[in-house]
Structure formats: structure tokens, C-alpha cells
Amino acid sequence: MKMARSTTRILCRKIVIMPFITFEGSEGCGKTTQVKRLVIHLEKIGVVPEVFREPGGTLIGEAIRHLLQHSEENHAMTPEAELLLFEASRSQLVREKIEPAITRGDWVICDRFFDSTSVYQGAARKLDPVLVERLNTFVAGDCVPDVTFVLDVDRATARSRLGGRKIRDRMEEQPEGFYERVRDAYRELARRDTGRVVLIDGARHVDQIATEIWRIVRQRFALDSEIRTRRSAR
Ligand SMILES: Nc1ncnc2c1ncn2[C@@H]1O[C@H](COP(=O)(O)OP(=O)(O)OP(=O)(O)O)[C@@H](O)[C@H]1O
Ligand SMILES: [Mg+2]
């Protein structure tokens, strides 16, 4: 089973090479805003990406999202249960949505993915990082993002952006040290995995950030030459 999946992935990549892009960072850093901006850029050149969010994106995943973020019961949740619920939601998303989209040759954008688990449950909750990585691999298999944008903002900035939100989720109600560990762990991830993870200064204006991300996406996936080819073919 594992063999078959990885063969498919390699074949898909050789034939179509459609990117799998993820956005990461603390609450309120601007992930969803930048996902939307990237979609707008892509649609302008005729690419309609599949967009998902974590936890969620499937029927089971959305039920898990509610349990994790807003349910009455979640205050009694153990860190271990939290870890397994995030992984369960991801498993559904990978099998039901991401793998089929990649196989079809669609672009895939995901608002959070397995790095969130490494950072929040591994680094911030201090669960065994080796176990967390094994679970991430077990669940995501070959669905590894081609590029991950980490939007880096300080706590005060994120807080002021979230200030207007009426419904707060559980991760927004952790002690301050938790957010420091989250930010440090994302920065460390970007230092360690320079090939995949791009640290973006998320404190700037939305437009500036969107422009930088679009430039990187165009460069990484050779979109400029494709756009030129399309124009000259008209
Ligand atoms: N660069 C920016 N400058 C100022 N405000 C921003 C910027 N990016 C996003 N915002 C605003 O901050 C708030 C949070 O942004 P957004 O929902 O995109 O963050 P998020 O990372 O997706 O948060 P969450 O983790 O809670 O889903 C929104 O009101 C959004 O309009
Ligand atoms: Mg969001």
C-alpha cells in the first residue's frame, strides 16, 4: 500500500509537477488572508487551486475541528488526545482531498498542515517530538508540501489583530510562554529546512507580504516562463 502510494506520487510529480503549498504561523499571523491573496494571483493566470484548512476540510475533519476549538468538552482534553485528533483530521484530509487533488494535477494550498503539529503539540506542548514526527509521517505519507510559508509576527501584533474576534478558540487562550515557544519553533523549522520552509516577515502590510509570496511562488514553480509562453501563444 505504502509502495503504491509513493510510486503514484513520483509519477504524478514527473508528469504534472503541480505544487502543494502550505501556510503556517501563530494565530492571527495572517495565514488565511495570504491564502486568499495567493488564490487571487493564481486565478489571474488561469490556475484554480484546491484550498483546504486544518483541522477540517472534510466532514469528519470539521467535526474534529469543532471538538478541538470550540466545544464545551475540550477544556478537559489531554495533550495526547489533542495530538491524535489533529492527526485524525489530517488523515481524512490527506486521503479524501489532498492525494486525489495532487493525482488530478491540481494545485493544492493548505492553511496549516503537519508543521503546526510539530510546533504546537511537539515544541509548545512538549510532547515527545520523535513521536510527533512519526505520527506526521504516518498520516501524511508522501504528501509533503513543496513550499511552506511561515508568517512570523510577534505576539503583540497577533493579539491586536485578533482583538476584534468574538469567538476565541482554545489555542488563543494559552499562557504567554506557549506562544513564545510556538514562534521560536517556527523560526527553528525555517532555519532547519531551508529548502522547503520560507520565513516571511508577517508584520508588514498585507500587500507587501502578498507580493513577496507571489514572487517566490512564481520563481519556485517557473511561472514567469509559463506566463510568457501563454502570452506569446495568444
Ligand atoms: N499583514 C497584516 N496587517 C494587518 N492586519 C492583518 C494582516 N494580515 C492579516 N490581518 C488581519 O488580522 C486578522 C487575522 O488574520 P488572519 O485571519 O488571516 O490570520 P490567521 O493566521 O489565519 O489566524 P488564525 O490562525 O486564527 O486562523 C484579520 O482581521 C486580518 O484582516
Ligand atoms: Mg486563519
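**Exercise 1.** Which residue in strand 4 is the bridge partner of Glu-24?

*Solution.* This is a predicted model. Start with the strands. Strand 1 and strand 4 (residues 147-152) are paired in the parallel sense, over four bridges. Now look across from Glu-24: its bridge partner in strand 4 is Val-150.

**Exercise 2.** Find the residue in strand 3 that Phe-23 stands opposite.

*Solution.* Strand 3 covers residues 108-111 and runs parallel to strand 1, with four bridges joining them. Follow strand 3 to Asp-111. That residue stands opposite Phe-23.

**Exercise 3.** Sort the residues of strand 1 by the way they point, then decide whether the strand is enclosed or open.

*Solution.* Next, apply the pattern to strand 1. Phe-20, Thr-22 and Glu-24 point one way. Ile-21 and Phe-23 point the other way. Then check burial. A residue counts as buried if 20 or more other C-beta atoms lie within 10 Å of its own. Five of the five residues of strand 1 (residues 20-24) are buried, so the strand is largely enclosed by the rest of the structure.

**Exercise 4.** Describe the shell around ligand 1 by element and by residue class.

*Solution.* First, list some members. Among the surrounding residues are Gly-25, Lys-31, Thr-32, Arg-161, His-205 and Val-206. Second, assign elements. Helix 2 (31-44) and helix 9 (206-220) are the elements that give two or more residues. Helix 2 supplies the largest share, three residues. Third, sort by class. The shell has three nonpolar, six polar and three charged residues.

Conventions
Residues are numbered from 1 along each chain as its sequence is written. Chains are lettered from A and ligands numbered from 1 in the order in which they are written. This is a predicted model: local features need pLDDT of at least 70, side-chain atom pairs count only at pLDDT 80 or more; totals for chains, interfaces and linings use all residues. A residue is buried if 20 or more other C-beta atoms lie within 10 Å of its own, exposed if 12 or fewer, and partly exposed in between; C-beta atoms are placed from the backbone. Two strands pair if DSSP finds at least two bridges between them. A residue is near a molecule or strand if its C-beta atom, placed from the backbone, lies within 6 Å of it. Ala, Val, Leu, Ile, Met, Phe, Trp, Tyr, Cys and Pro count as nonpolar, Asp, Glu, Lys and Arg as charged, and the others, Gly among them, as polar.
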